[in-house]
Amino acid sequence: MKRSSCYNGYSLFLTMLMLCVVARSQLTTDFYSTTCPNLLQIVRREVQKAIKFETRMAASLIRLHFHDCFVNGCDASVLLDGNDGEKFALPNINSARGFEVVDAIKTAVESQCSGVVSCADILAIAARDSVLLSGGKSWRVLLGRRDGLVANQTGANAKLPSPFEDVDTIINKFAAVGLNIIDVVALSGAHTIGQARCATFNNRLFNFSGTGAPDSTMESSMVSDLQNLCPLTDDGNKTTVLDRNSTDLFDNHYFQNLLNNKGLLSSDQELFSSTNLTTKDLVQTYSTNQNLFLNDFANSMIKMGNISPLTGSSGEIRKKCSVVNS
């Protein structure tokens with residue numbers, strides 16, 4: 001009996017110890033409350049400056065966080081330099097932007113809290129602020145991520161959703177990182193701001209899927225406008241707005257456009273025009289209920305920001321976001 005009692009006591013101790021470790025490894029909203037109390041104000045100020053200089057930067061910063069979290073988890077691996085880095089993966093090359101803004105934020109943070117705040121957390125806060133400053137809703141950002149030590153270009157090529165993929169493929173990619181179909185549609189709503197290059201949608205303009213005609217799910221006047229912007233002889237690098245007639249406001253207009261066959265990317269329009277009744281229903285709901293969309297978007301961003309974070313002693317706190325510490 002004594003042996004059993006001793007064992008039970010030791011087992012309870014181990015259980016409590018493990019619970020303590022788990023609790024310490026979880027992300028919290030007040031992670032920097034004592035080590036960098038002005039962090040949120042510093043990031044907000046720098047994001048405001050960046051968006052004032054270029055409105056499009058809000059969308060770019062949101063996208064950086066998204067493209068970071070889907071590869072290796074939210075570990076700022078997307079920021080690392082190097083020919084084998086994620087910056088040079090197909091979904092990011094000549095496309096991902098805002099790195100200089102992240103560097104400016106990091107410099108401002110380091111000047112007050114040296115060696116404390118991760119680049120991964122800076123990406124998460126900057127994405128939230130970009131939504132808020134564009135007219136969307138705020139949320140409390142969970143913090144405590146650490147920075148990864150390696151980039152994963154192969155993973156970026158394989159795991160990031162593509163504008164050319166069908167709904168089911170994209171749903172599967174979201175599911176692979178723990179996100180569901182509501183997250184797919186809600187997070188696609190980030191395309192209510194920002195721009196896209198001709199190369200990401202010109203396949204819809206002339207000979208869609210070998211039909212010899214434009215994509216029938218794109219509204220005719222939009223086809224005509226985009227054919228003029230993106231001729232077949234073009235290099236594909238010109239850009240146009242993702243949310244036609246509502247360029248810079250974070251609202252539900254994107255979903256209203258999908259109802260009218262005015263989604264720019266095939267992957268966007270497919271949310272409404274494909275045979276998937278769940279995504280279609282969500283698009284219709286969000287198109288008339290902006291508050292629900294903004295709430296779901298915030299919740300999905302929190303979920304996405306919690307994809308496989310490095311915590312505790314894993315990874316590092318980079319001194320410079322583009323390179324690992326020496």
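Reader: Which helix gives the most to the lining of the largest pocket, and with how many residues?

Author: Rolling a probe the size of a water molecule over the atoms shows where empty space is left. In this predicted model, helix H3 gives the most to the lining of the largest pocket, contributing seven residues. The other elements that each supply at least two residues of that lining include helix H7 (167-176), helix H8 (181-188), strand S1 (195-197), helix H11 (266-273) and helix H13 (290-304).

Reader: How much space lies in the largest pocket, and which residues are the closest to its centre?

Author: The largest pocket holds about 980 Å³ of space. Its lining is made of 43 residues, and the closest to the centre are Arg63, His67, Pro163, His191 and Leu265. Sorted by class, the lining comprises 24 nonpolar, 13 polar and six charged residues.

Reader: What can be said in the same terms of the second largest pocket?

Author: The second largest pocket has about 170 Å³ of space, and among the 14 residues that line it, Thr29, Asp30, Ser33, Leu40 and Leu143 lie nearest the centre. Helix H2 (residues 39-53) gives the most to this lining, with three residues, while the division by class is eight nonpolar, three polar and three charged.

Reader: Which residues does Met304 touch, once residues up to four places away in sequence are not counted?

Author: With those neighbours set aside, Met304 touches His65, Phe66, Cys69, Phe70, Cys74, Leu179 and Leu187. Cys69 counts as buried, at 0% relative accessibility.

Reader: Turning to the annotations, which residues does UniProt list for "binding site" in the stretch that includes Asp68?

Author: The unreviewed UniProt entry lists Asp68, Val71, Gly73, Asp75, Ser77 and Glu86 under "binding site". These residues span 19 residues in sequence, yet no two of their C-alpha atoms are more than 12.8 Å apart, so they gather at one spot. Asp68 has its place in helix H3, whereas Val71 is found in the loop between H3 and helix H4 (99-112).

Reader: Is Asp68 buried or exposed, and what does Asp68 touch?

Author: Asp68 counts as buried because its relative accessibility is 0%, where buried means under 20%. Not counting residues up to four places away in sequence, Asp68 touches Gly73, Cys74, Asp75, Ala76, Ser77, Val78 and Leu123. Val71 is buried as well, with a relative accessible area of 0%, and, under the same exclusion of sequence neighbours, touches Ser77, Glu86, Asn152, Gly155, Ala156 and Leu160.

Reader: Which other residues does UniProt list for "binding site", among them Asp243?

Author: The unreviewed entry also gives Thr192, Asp243 and Asp251 under that heading. They span 60 residues in sequence, yet no two of their C-alpha atoms are more than 9.9 Å apart, so they gather at one spot. Asp243 lies in the loop between strand S2 (239-241) and helix H10 (253-259), and is buried, with a relative accessible area of 0%. Beyond residues up to four places away in sequence, Asp243 touches His191, Thr192, Asp251, His253, Tyr254 and Asn257.

Reader: What should I look for in the backbone, and where does Ala76 lie?

Author: Most residues other than glycine have a negative phi, and most peptide bonds are trans. Ala76, although not a glycine, has a positive phi of about 65°; Ala76 lies in the loop between H3 and H4 and is buried, at a relative accessible area of 0%. Asn245, also not a glycine, has a positive phi of about 75° and lies in the loop between S2 and H10, but Asn245 is exposed, with a relative accessible area of 65%.

Terms used. Residues are numbered from 1 along each chain as its sequence is written. This is a predicted model: local features need pLDDT of at least 70, side-chain atom pairs count only at pLDDT 80 or more; totals for chains, interfaces and linings use all residues. Side-chain values use heavy atoms; hydrogens and water are left out. On a 1 Å grid over the protein atoms alone, a cavity is a set of points where a 1.4 Å probe fits but cannot get out, and a pocket is an open set with protein on both sides within 12 Å along at least five of seven lines; lining residues have an atom within 4 Å of a point. Grid points are joined across faces, edges and corners, and a volume is the space filled by probe spheres set on the points. Helices (H or I, at least four residues) and strands (E, at least two) are DSSP runs, numbered from the N terminus. Ala, Val, Leu, Ile, Met, Phe, Trp, Tyr, Cys and Pro count as nonpolar, Asp, Glu, Lys and Arg as charged, and the others, Gly among them, as polar. Contact means heavy atoms within 4.5 Å. UniProt positions are given in the numbering used here, feature names are shortened, and annotations may be inferred rather than shown by experiment. Buried means under 20% relative accessible area, exposed over 50%, partly exposed in between (1.4 Å probe, protein chains only).
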